[in-house]
Amino acid sequence: MAPAVLVHELRRAFAGRAAVDGASWSAAAGRVTAVLGPNGAGKTTTVECLEGLQRPDSGSVRVLDSDPWRAPASHRAAVGVMLQDGGLPTTARPLPLLRHLAALHADPWPVEELAARLGIGDFARTTVRRMSGGQRQRVALAAALVGRPEVLFLDEPTAGLDPHARLDVWSLLRAEAGRGVCVVVTTHSFEEAERIADDVVVLAAGRVVASGTLAEVRGARTLEDVYFELTAGGAR
Ligand SMILES: Nc1ncnc2c1ncn2[C@@H]1O[C@H](COP(=O)(O)OP(=O)(O)OP(=O)(O)O)[C@@H](O)[C@H]1O
């Protein structure tokens, strides 16, 4: 069976400068894959290619055995996306927004239940514009999850969340993987990767410098030690 997410010799350059430089890796259903790498390593560019928001210059990406750039709406319904800047409409209140998104899907989460799990009820009457960064992030995560997608792409989902919210999100993501979802998380947090990832991909300067199970990548050391060794000089 093809992996849920496949990146094959992906290249993507901006003004002649490679952002992703021949990267190959995959992520499987029922597992959490953490993508780590210094600022500018190519994580967001890769994930945006996987989301169908950018087109590879060469190589290929496949999600649920489709090319996300050309995929029909039915494919998009099976993929949940949380972008780094949230991308939420600023005048919306969270529950009507989530109910609206839920109505677009065949088998959505019950909105009240999802909102309760992410602590959204506490600021249910606040518009996106007036929310704190962490509150906005919880709503963006709920928006990615509400359609019960088969694949979830989450760009730094817990950056800026308080410790309780981080635990809530981690347990939610583990539960989603437990029901068969392919969860792909970009992160700068070793703690996050060590707590939730089954598999790890480390990018540096647009290339894969390590990939495998967390245990394979880490060996007998901490992920942090391995990361610093692999990415020394990799930041731009
Ligand atoms: N639209 C764009 N135009 C020009 N350069 C871009 C564009 N998008 C990304 N880049 C460049 O491509 C490289 C990779 O960026 P990318 O956002 O993929 O990195 P990242 O690993 O997600 O970084 P971070 O950890 O800071 O989020 C960077 O050098 C960045 O400046």
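A residue is buried if 20 or more other C-beta atoms lie within 10 Å of its own, exposed if 12 or fewer, and partly exposed in between, with C-beta atoms placed from the backbone. What you're looking at is a predicted model, where local features need pLDDT of at least 70, side-chain atom pairs count only at pLDDT 80 or more, and totals for chains, interfaces and linings use all residues. Residues are numbered from 1 along each chain as its sequence is written.

**View 1. The whole protein, for orientation.** The protein has nine helices and nine strands (DSSP runs numbered from the N terminus: H or I of at least four residues for helices, E of at least two for strands). Its C-alpha trace spans about 45 × 40 × 35 Å along the principal axes. Of the 236 residues, 41% are buried. As for contacts (C-beta atoms within 7 Å), take those between residues at least 6 apart in sequence: 70% of them join residues at least 24 apart.

**View 2. The shell around the ligand.** Here are the 11 residues around the ligand, with F14, A19, N39, T44 and T45 coming nearest (near means a C-beta atom within 6 Å). Which helix gives the most to this shell? That's α1, residues 43-50, which supplies three residues.

**View 3. Helix α1, tucked in.** Eight of the eight residues of α1 are buried, so the helix is largely enclosed by the rest of the structure. Reading along α1, the buried residues are K43, T44, T45, T46, V47, E48, C49 and L50. Two of these, T44 and T45, also turn up among the residues that come nearest the ligand. Past the end of α1 comes G52, with a positive phi near 80°.

View 4. E51 sits in the loop between α1 and β4 (58-63). Is E51 buried or exposed? It has 21 C-beta neighbours inside 10 Å, so E51 counts as buried. If you ignore its neighbours within four places in sequence, E51 is in contact with P68, V81 and F153. E112 is another matter: E51 and E112 are 61 residues apart along the chain, and their C-alpha atoms are separated by 27 Å.

**View 5. Helix α6 and its two sides.** Helix α6 runs over residues 163-178, and its 16 residues should span 22 Å at 1.5 Å a residue; the end C-alpha atoms are 22 Å apart, which agrees (the expected span is 1.5 Å times one less than the number of residues). V169, L173 and A177 are the buried residues of α6. They cover an arc of only 75° around the axis, which puts them on the same side of α6 (the arc is that of the directions from the helix axis to the C-beta atoms). What do the buried residues pack against? Their partners are β3 (32-36), α5 (133-145), β7 (182-186) and α7 (190-196). Over on the other side of α6, H164, A175 and G178 are exposed. Just after the helix, G180 has a positive phi of about 105°.

**View 6. H164, on the exposed side of α6.** H164 belongs to helix α6. It has 9 C-beta neighbours inside 10 Å, so H164 counts as exposed.

View 7. In α9 (residues 223-231), the buried residues are L223, V226 and Y227. They cover an arc of only 100° around the axis, which puts them on the same side of α9. The buried residues of α9 pack against β3, α7, β8 (199-204) and α8 (214-218). On the face of α9 turned away from its buried side are the exposed residues F228 and E229.

**View 8. Two loop residues with positive phi.** Most residues other than glycine have a negative phi. R148 isn't a glycine, yet its phi is positive, at about 50°. You'll find R148 in the loop between α5 and β6 (151-155). It has 19 C-beta neighbours inside 10 Å, so R148 counts as partly exposed. A205, again a residue other than glycine, has a positive phi near 50°. Its place is the loop between β8 and β9 (207-213). With 19 C-beta neighbours inside 10 Å, A205 counts as partly exposed.

Technical notes:
Two residues are in contact if their C-beta atoms, placed from the backbone, lie within 7 Å.
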